[in-house]
Amino acid sequence: MTKLLSLCFALLSIASYAQPNTDVHLFDISEDNGKTVISNPRNISNNEGYDNQPSFYDANTILFSSTRNGQTDIAKYDITSGQISWLTNTNGGNEYSPLRIPDSKDISAIRLDTDGLQRLYRYDIDSETSEFLRKDAKVGYHVWFSKDILLNTILVDNRMDLVVSILKDKTNYTVQQSVGRSLHKIPNSDLISYISKEEDTWLIKSMNPLSGATNVLSSIPKGSEDICWLPNGTILVPAGNLIYNFNPGSKENPDVINLSDYKEISSVSRVAVSPDGKHLALVSDEPPSKIVQKQVDSYNAGDLDAFVNCYAENVIVRNFGADTLYVGHEKMRKNYSSLSAENKVYEVEIVNRITIGNKVIDQEKVTGNGKVQMQVALYEVSNGAIDSMTFIFDNNSAPEPETIVQKQLDAYNARDIDAFLDTYTEDVAMYNFPAEKSSQGQEEMRKGYAGYFESTPDLHCEIKNRIVIRNIVIDEENITANGNSFNAVAVYEVKNGKIAKVTFLR
């Protein structure tokens with residue numbers, strides 16, 4: 001059993017019904033000193049709408065579901081040429097989870113038919129015809145063990161059950177109730193893996209479809225819906241913009257593939273590896289920066305409906321410091337009621353942008369009515385919409401705050417606790433965004449930082465981006481500690497030449 005269960009990382013729940021705006025991305029895979037490295041990212045779907053559920057037809061070809069003209073069809077991407085073609089065009093039907101059928105050129109896919117039934121079909125690539133593989137059950141997901149043996153999850157009440165289907169005998173037997181969607185052939189074996197949800201602790205299990213024997217391979221954090229196997233027998237588990245790589249037979253902690261530098265990648269929901277282990281296909285939600293840019297463009301176009309629709313129904317709009325101005329679409333629509341293409345007064349220009357996780361911080365130049373005003377807007381995004389918008393307005397009269405913040409940074413990198421604390425007020429307050437207080441006063445800071453400075457000889461903070469407005473400095477920071485690096489954003493508020501408040505965003 002590995003230590004994967006104990007890892008403290010956020011995992012996103014599966015969206016059961018809605019089809020978010022997702023894209024399929026492709027990376028090259030290599031190995032460096034025994035660690036998996038990915039490179040050369042490209043968006044292979046590049047389509048407004050739902051693009052999901054990639055699988056490899058062969059080492060050079062990827063299948064995935066893609067929405068076009070109001071329906072979801074099966075697309076094929078050729079890695080060498082970079083070209084997309086379409087394998088299906090089913091009027092009145094939507095197709096998902098395409099897989100190549102073993103020892104055949106044909107593919108299988110789940111089709112949601114116009115009669116509301118969700119069934120498994122076989123598609124003849126040459127004749128462009130289809131036929132039922134499983135007509136008698138509502139199939140969720142599937143994987144091929146051989147050309148005659150199929151494992152599929154069957155939707156029963158509010159769960160999915162794992163069923164083995166022997167096609168030549170037309171027999172089916174249930175292996176286990178309450179399983180996940182991720183079904184895979186384990187490399188170099190006669191086994192299938194699946195995620196068991198029977199107990200409170202979720203487990204990755206293996207199964208031999210011929211004997212029915214199962215075995216526990218590893219625990220997995222509850223909420224993690226997708227995995228895939230590399231040819232070397234290690235498992236990839238996506239979590240937000242991280243991918244964990246671990247050996248189910250080892251007690252060592254997983255290696256981490258950090259995708260935070262790839263701005264087009266947001267929250268990864270699915271992963272698939274080519275048969276030769278040279279390519280990784282993954283599905284990412286639309287990045288928060290793209291959603292925020294849509295609302296900026298809609299505002300500048302004077303399109304009130306498009307602007308409001310970029311926000312969640314219960315969006316919270318506030319001044320920095322958790323001072324709520326209003327909540328919800330109705331209030332937003334009322335506040336921006338004069339926005340139209342004909343009556344547009346203000347133009348917003350993005351001067352600087354910081355993105356961290358699901359948060360986007362824009363430094364904005366607002367021009368209109370003969371004036372130019374600087375402001376900062378901090379957006380939180382989830383499920384394809386902006387959940388909150390927090391403003392910091394410039395008053396053009398605050399003293400320069402950057403000098404003391406830079407002095408603080410220099411002392412931090414020198415691990416000089418006294419010089420570091422000297423940049424803060426005696427009653428300095430630390431917060432997690434938007435308003436969760438984590439500490440108060442210099443003495444609490446000393447307790448937290450003194451030992452950290454002493455025990456972390458490689459401690460270093462590098463500023464990747466900085467926004468200065470009013471008495472506030474917003475730093476996007478890359479921090480190295482104990483051989484690891486991570487990004488964070490700190491919002492420093494300066495009063496009377498000292499840092500009085502710090503709000504962290506992660």
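**Figure 1. Strand E3 (51-58) gives the most to the lining of the second largest pocket, with five residues.** The model is a predicted one, in which local features need pLDDT of at least 70 and side-chain atom pairs count only at pLDDT 80 or more, whereas totals for chains, interfaces and linings use all residues. Residues are numbered from 1 along each chain as its sequence is written, and side-chain values use heavy atoms, with hydrogens and water left out. The lining comprises 34 residues, and those nearest the centre of the pocket are Ser-55, Leu-99, Val-143, His-184 and Lys-185. At least two lining residues come from each of E3, E7 (94-100), E11 (139-144), E15 (184-185), E19 and E23 (268-273). By class, 21 of the lining residues are nonpolar, eight are polar and five are charged, where Ala, Val, Leu, Ile, Met, Phe, Trp, Tyr, Cys and Pro count as nonpolar, Asp, Glu, Lys and Arg as charged, and the others, Gly among them, as polar. The pocket holds about 1,000 Å³ of space, a volume being the space filled by probe spheres set on grid points that are joined across faces, edges and corners. Strands (E, at least two residues) and helices (H or I, at least four) are DSSP runs, numbered from the N terminus.

**Figure 2. Arg-181 lies in the loop between strand E14 (171-176) and E15.** Arg-181 has a relative accessibility of 8% and counts as buried, a term that stands for under 20% relative accessible area, with exposed meaning over 50% and partly exposed lying in between (1.4 Å probe, protein chains only). A polar atom of the Arg-181 side chain lies 2.7 Å from the backbone oxygen of Ser-269.

**Figure 3. Four strands form an open sheet in the order E19-E20-E21-E22, with antiparallel pairing.** Strands E19 (228-229) and E22 (255-258) stand at the edges and have a single partner strand each, so one side of each is left without a neighbour in the sheet. Two strands are taken to pair if DSSP finds at least two bridges between them. E19 is joined to E20 by two bridges, with Trp-229 opposite Ile-235 in E20. Five bridges link E20 to E21, and Leu-236 has Asn-245 of E21 as its bridge partner. Between E21 (residues 242-246) and E22 there are four bridges, and here Ile-243 is partnered by Ile-257 of E22.

**Figure 4. Strand E20 (residues 235-239) is largely enclosed by the rest of the structure, because five of its five residues are buried.** In a regular strand the side chains alternate between the two faces of the sheet. From E20, Ile-235, Val-237 and Ala-239 point one way, whereas Leu-236 and Pro-238 point the other way, and all are buried. The hairpin of E19 and E20 has five residues between the strands, among them Gly-233, which takes a positive phi near 90°. The hairpin of E20 and E21 has two residues between its strands, and Gly-240 in this turn has a positive phi of about 65°.

**Figure 5. Strands E5 (residues 71-78) and E6 (residues 83-86) run antiparallel and are joined by four bridges.** Asp-78 has Gln-83 of E6 as its bridge partner, and the hairpin has four residues between the strands, with Gly-82 in the turn at a positive phi of about 75°.

**Figure 6. Gly-321 is placed in the loop between strand E25 (311-319) and strand E26 (323-327).** Gly-321 is partly exposed, at a relative accessible area of 38%. From C-alpha to C-alpha, Gly-321 and Ile-474 are 14 Å apart in space, while 153 residues separate them in sequence.

Technical notes
On a 1 Å grid over the protein atoms alone, a cavity is a set of points where a 1.4 Å probe fits but cannot get out, and a pocket is an open set with protein on both sides within 12 Å along at least five of seven lines; lining residues have an atom within 4 Å of a point. A polar contact is a pair of N or O atoms within 3.5 Å; within protein, one must be able to donate a hydrogen and the other to accept it, and residues adjacent in sequence count only if both atoms are side-chain atoms.
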